[in-house]
There are 2 protein chains.
Amino acid sequence: MGIGDDAAILHPANIQQLVVSTDTLVSGIHFKAKDSAQSIGHKALAVSFSDMAAMAAKPKWVLLNLTLPKINDKWVKGFTQGFAKLLSQHQAQLIGGDTTQGPLSITVTVMGETDQAVRRDGAKMDDLIVVTGELGSAAFALKNPRKSKACNEQLHSPKPRLDVAEQVKHMATAMIDVSDGLLADLGHICHASQLAAVIELSQIPVNETVKKHPDWMSYVLAGGDDYQLCFTINMDDEDQLPEDCHIIGQIIAGQGVMVLNHHQPIETNFKGYQHFT
Amino acid sequence: MGIGDDAAILHPANIQQLVVSTDTLVSGIHFKAKDSAQSIGHKALAVSFSDMAAMAAKPKWVLLNLTLPKINDKWVKGFTQGFAKLLSQHQAQLIGGDTTQGPLSITVTVMGETDQAVRRDGAKMDDLIVVTGELGSAAFALKNPRKSKACNEQLHSPKPRLDVAEQVKHMATAMIDVSDGLLADLGHICHASQLAAVIELSQIPVNETVKKHPDWMSYVLAGGDDYQLCFTINMDDEDQLPEDCHIIGQIIAGQGVMVLNHHQPIETNFKGYQHFT
């Protein structure tokens, strides 16, 4: 219910498009019970804010449904701190929710507004493929928790790329956030747009520590949880790309995602990969 | 996320007020694991639709987050049937959600529209107090599962009173749904409106089977889960009340809810009762 009544009342007078996203995070599946409460609070909201970024929407209203095994004041305080900090950073408002007893799980629903939602299905032939930030850091940190502070930060405190989304919303033809891994998520754009992609591995920004690991390719191509953006733009818009945006490939005819490494096709058998045909 | 993209896109062009409500139902707390899947599906949505009724809003868009221990096709089919039937009865639309693995729980978020949301805090001195339907049936059925088919129906398949809400939205000064029990919920209206209430027990509609039970007063005054409406109207509007609406008392100065039985004050010590001062 809403805070102090049966429901919250909003006044979306001048919104052209209202964008709504909801995600449930379950303890033991989406996070570890021993993760810091602050990090869980941050991440529960960051995941949904990242969906808003992927749609080029600005998050405005948030609902929080919290299911807790028992009242643990210290945990709730930490969770609230992580959650509230990110909420206020983006001037979003908590408008309602629910607290129930049960096995630990968190559902966050975010409503945002935009004058131009960017969907997955708008990529065009010859469009350039762009990613933000570095990929593979979160997946690396999950498997190698003591190797890199920057990667740990990416895993436990990902920053939804609302900054870039706002800057590219009028040039992006399709957009998605990298939550399941680059091949899987770029594959979603290709599938929805009924086209294919070719990407150059050596062009993907990767953390130096990750790159030294024997499994680095798997982290970069199939590692989830980075919450960076992957989007497509017309070739003519290349010069207008903001900072921290990196061209990694191009949209072509066909199906699936082909990966080149220094211009040589490589075999990829990672989860989420759709074979190039 | 939305169906087929990172989020759902809505176009609320002509909505004056957008009303949002969310509820989490946890197995073992809000329903029994052995309840029929169809009934759980119905009730998960009915609870949120009832919040819309309490605000005098028409439910339009629904998000469903389902956390399941393991895929059980038969259970999911039953759940979906109960859920979808109520959804289509009210021409509402499922726009997104999430399916995750974990201990059984259900979060339903409903967005509705209204030209005039009715809140809890608008009751005025001398307003009449009105309830719909019969009270206490669901609580009776929970404790006495084999006594009354009508009461079982009220417990397992409650009908959100969107019909009455639509008819009284321009005359109700305050409104709430009876989910926690009449004394508690009418108490919320009184507290929010900074007034008190006096109600006459003999005027409250009660199922005949419930009335024969020694604990009937407790079911009627403190039993939850009926999902009927309780609202207040100006005395001049009495003649315009639609069918199945029953005047049970009046708003007065003070705090709390006083109960009379055939004009004699009675002591009530039920949960949620706020003592009259």
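**Domains of chain A.** I looked up the domain assignment of chain A in this predicted model; it gives domain 1 (17-114) and domain 2 (128-265). I noted that the C-alpha centres of domain 1 and domain 2 of chain A lie 24 Å apart. The contact takes 19 residues from domain 1 and 16 residues from domain 2 of chain A.

**Interface of the two domains.** I recorded about 1400 Å² buried between domain 1 and domain 2 of chain A, with 61% of it on carbon and sulfur atoms. I then searched this interface for salt bridges and found one. D225(A) forms a salt bridge with K43(A), and the closest N and O atoms are 3.3 Å apart. On the side of domain 1 that touches domain 2, helix 1 (residues 37-54) of chain A gives the largest share, 11 residues.

**Chain B against chain A.** I next turned to the two chains, where 46 residues of chain B are in contact with 46 residues of chain A. The buried area is about 3700 Å², and carbon and sulfur atoms give 56% of it. I found zero salt bridges between chain B and chain A, but six residue pairs in polar contact. Strand 2 (17-26) of chain B gives the most to the side that touches chain A, with nine residues. By class, I list 21 nonpolar, 17 polar and eight charged residues on that side of chain B.

**Strand pairing.** I traced three bridges from strand 2 of chain A to strand 1 of chain B, an antiparallel pair. In strand 1 of chain B, L10(B) is the bridge partner of L18(A).

How values were computed. Residues are numbered from 1 along each chain as its sequence is written. Chains are lettered from A and ligands numbered from 1 in the order in which they are written. This is a predicted model: local features need pLDDT of at least 70, side-chain atom pairs count only at pLDDT 80 or more; totals for chains, interfaces and linings use all residues. Side-chain values use heavy atoms; hydrogens and water are left out. Contact means heavy atoms within 4.5 Å. Buried area is the accessible area (1.4 Å probe) that two parts lose on being put together, summed over both. A salt bridge is a side-chain nitrogen of Lys or Arg within 4 Å of a carboxyl oxygen of Asp or Glu. A polar contact is a pair of N or O atoms within 3.5 Å; within protein, one must be able to donate a hydrogen and the other to accept it, and residues adjacent in sequence count only if both atoms are side-chain atoms. Helices (H or I, at least four residues) and strands (E, at least two) are DSSP runs, numbered from the N terminus. Ala, Val, Leu, Ile, Met, Phe, Trp, Tyr, Cys and Pro count as nonpolar, Asp, Glu, Lys and Arg as charged, and the others, Gly among them, as polar. Two strands pair if DSSP finds at least two bridges between them. Domain bounds come from an automatic or database domain assignment.
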